[in-house]
Amino acid sequence: MSKGPGLFVDIGKRAKDLLTKDYTSDQKFTVSTYTGAGVAITSTSLKKGGLSTGDVAALYKYKNTQFDVKTIASFKVPDYNSGKLEVQYFHHHATFTTTIALYKTPVVDATATIGTPSIAFGAEAGYDPTKGNFTKYTAGISVTKPDSCASIILGDKGDSIKASYVHYLDNLKKSAAVGEISRKFSTNENTFTVGGAYAVDHLTLIKAKLNNHGRLGALLQHEVIPKSLLTVSGELDTKSLNKSPRLGLAFALKP
């Protein structure tokens, strides 16, 4: 699989992770466990404002190495409409996925990606068979080099475009700088965001981001025990300094 172009969701994922992953303004506690049969179970407790919610998610992956096909089943309790069944097919120059949402009226999503680890072209479409129409269609391209990656994604049924660039500052790819620009054609709205991550040491990571609307975000993440992360993050509207900053705390415990 390492010789192929990757999945469609990988296009632009590195920039997205740098700018959004682990940023939170809530209190979140997550515990993950893994069984010998290949089932991953994740329990999440979230406190947002004055409300507390919790759920349990299960994920099962089965890989047929002969055909290089992976089947993934997942669901979340108490959201019984969250069940999904996904089949992934990997080839040296192409990948395909089909996902069926297990609702009373199931929706089918399909993706296809062609190329190499260096350059990939992909498309995604969602179809609702009960209504007979497409719920979404998206296209993207990514170019990856040892120390950088760039991507362009045309989404929202052609109503938006997003371009991003990531440059890594160390060999382990923990420290990086990122820039992203997006445009919504229907509203003529442009958003430009810059950010980055800096590895203080092998246990501590600092991230920050700022967009042209004045939204400034930052986080500090520390590996308290192996694979278990404590994250403190916050967001400030620099154009309305009279507003209190939004602060968040998250702890993820993994075996």
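Phe 134 is partly exposed, with a relative accessible area of 47%; by that term I mean a value between the limits for buried, under 20% relative accessible area, and exposed, over 50%, using a 1.4 Å probe and protein chains only. The model is a predicted one, in which local features need pLDDT of at least 70 and side-chain atom pairs count only at pLDDT 80 or more, while totals for chains, interfaces and linings use all residues. Residues are numbered from 1 along each chain as its sequence is written, and side-chain values use heavy atoms, with hydrogens and water left out.

Phe 134 has an aromatic partner, Tyr 127: the two rings stand edge-to-face, 5.4 Å centre to centre, with 65 degrees between the planes. Tyr 127 is likewise partly exposed, at 32% relative accessibility. The structure holds three aromatic pairs. Rings of Phe, Tyr and Trp (its six-membered ring) are paired if their centres lie within 6.5 Å, and planes under 30 degrees apart are stacked, over 60 edge-to-face, and the rest tilted.

Rings also meet charges here. The charged end of Lys 209 sits over the ring of Tyr 23, 4.1 Å from its centre, and Lys 173 lies over the face of Tyr 168, at 5.3 Å from the ring centre. The criterion is NZ of Lys or CZ of Arg within 6 Å of the ring centre and within 35 degrees of the ring normal.

Which residues make up the largest nonpolar core? It has 11 residues in all, among them Tyr 168, Ala 15, Leu 18, Leu 19, Val 166 and Val 178. Such a core is a set of buried Ala, Val, Leu, Ile, Met, Phe, Trp, Tyr and Cys residues joined through side-chain atoms within 4.5 Å. Helix α1 (13-20) and strands β11 (160-168), β12 (176-184) and β13 (189-199) each supply at least two of its residues, and α1 gives the most, with three. Helices (H or I, at least four residues) and strands (E, at least two) are DSSP runs, numbered from the N terminus.

Let us look at α1 itself. Ala 15, Leu 18 and Leu 19 are buried in this helix. Seen down the axis, the buried residues of α1 fall within an arc of 90 degrees, so they line one face of the helix; the arc is taken from the directions from the helix axis to the C-beta atoms. Their cover includes β11, β12, β13 and β14 (204-211). Leaving aside residues up to four places away in sequence, Ala 15 touches Ser 164, Val 166 and Val 178, contact being heavy atoms within 4.5 Å. Just after α1, Asp 22 takes a positive phi of about 75 degrees.

Lys 13 is partly exposed at 36%, as is Asp 17 at 23%. A salt bridge is a side-chain nitrogen of Lys or Arg within 4 Å of a carboxyl oxygen of Asp or Glu, and the structure holds seven.

Why does the salt bridge of Glu 235 and Arg 246 tie together separate parts of the sequence? Its closest N and O atoms are 3.7 Å apart. Glu 235 lies in strand β16 (residues 228-237) and Arg 246 in strand β17 (residues 246-253), so the pair ties together parts that are 11 residues apart in sequence. Finally, Asp 109, Glu 124 and Lys 136 are linked in a network of salt bridges.
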